[in-house]
Amino acid sequence: MQRYTQSEKAKILECIGIVDELISGKFILFDTKAQALLQTIASSEVLYGLFAKYLVDYDFLSALKLGEEYKKVQGVFKIGETNSEILAFVFCLILEVNNHKINLQNFVNANFFNPNGYNYSYLTFASYILKPFKNALMEELGVVESEDDNNEKEEQVEMDNMEEVTNNQSEEKILFANLLFAINELHAKVVADKKIRQEVKDEEYIVVVGLIEAVRLENMKVLNALIIPLEYVLGKQKSVRAEYQEVKNCMLEIYKAFKK
């Protein structure tokens, strides 16, 4: 195994530290801590590469619906079993809360309600959502957590074949993560729509594969080129208009960021 650079190690430890604060903290601090977490992930080649890898083809809304349906039957919200599922789900959830598309308090009350009050509900949420997220993150990154005689944490961090990401501008990386999320949601909606002809779905898939690769490379020229065939394929599909518009909105935000 190859060790991380000191810079990357510091960012990974910072990320885990923020997750710890989210786990032990209170709802009122979530927005600030969540934004700090996203910024830390976006500033790290290793962390950003890890989450970008697991976001590809991940359908968050379907996973969210399955978790809610499982809660109705089994009484507990389920986020997935594998590290990749857990990391993708929680990252998307935090991203959606940060983008004000999911109200955290409503989500917690609906899925982790505790009659003793919201803070107790939040602690249940932290136990079922944030703790598995931390454990999965540490396992994927090879982090070993221990305590010395002074009860201070020591972290050993190692890596194996992590993908590199070249752009270190954290705000832009979050925008690309938003775009990847939107593309995945659009593709999932197209696949699930029985009214869309198969030949249209096949064409959409080809364009989406190119878009995902362009997002991974953060290549604006390719993104600009592919939005034209995407418009041709899906521009008249009313059933996915909202998801298609979200993709275009995310691209517009990236354009604005690059012009600054």
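**Helix packing, loop residues and the nonpolar core**

His187 is buried, with a relative accessibility of 15% (buried means under 20% relative accessible area, exposed over 50% and partly exposed in between, with a 1.4 Å probe and protein chains only). The model is predicted, so that local features need pLDDT of at least 70 and side-chain atom pairs count only at pLDDT 80 or more, while totals for chains, interfaces and linings use all residues. Residues are numbered from 1 along each chain as its sequence is written, and side-chain values use heavy atoms, with hydrogens and water left out.

His187 belongs to helix H8, residues 170-192 (helices are DSSP runs of H or I with at least four residues, strands are runs of E with at least two, and both are numbered from the N terminus). The side chains of His187 and Glu204 are joined by a polar contact of 2.9 Å. A polar contact is a pair of N or O atoms within 3.5 Å; within protein, one must be able to donate a hydrogen and the other to accept it, and residues adjacent in sequence count only if both atoms are side-chain atoms. When neighbours within four places in sequence are left aside, His187 is in contact with Glu204, Tyr205 and Val208 (contact means heavy atoms within 4.5 Å).

Helices H2 (residues 30-43) and H3 (residues 45-55) pack at an angle of about 100°, and their axes are 5 Å apart. Axes are lines fitted to C-alpha atoms, for helices over the stretch in contact, and angles run from 0 to 180 degrees between N-to-C directions. H2 and H3 are therefore roughly perpendicular to each other (65 to 115 degrees; under 35 counts as roughly parallel, over 145 as roughly antiparallel and the rest as oblique). Thr40, Ile41, Ala42 and Ser43 of H2 make the contact with Glu45, Leu47, Tyr48 and Phe51 of H3.

Positive phi values occur at two loop residues other than glycine, Asp57 and His100. Most residues other than glycine have a negative phi. Phi of Asp57 is near 65°; Asp57 lies between H3 and helix H4 (60-74) and is exposed, at 56% relative accessible area. Phi of His100 is about 60°. His100 lies between helix H5 (83-98) and helix H6 (104-112) and is exposed, at 70% relative accessibility.

The largest nonpolar core has 89 residues, and Phe89, Phe125 and Ile129 have the most contacts inside it. A nonpolar core is a set of buried Ala, Val, Leu, Ile, Met, Phe, Trp, Tyr and Cys residues joined through side-chain atoms within 4.5 Å. Not counting residues up to four places away in sequence, Ile129 touches Phe77, Ile79, Phe89, Val90, Leu93 and Phe112.
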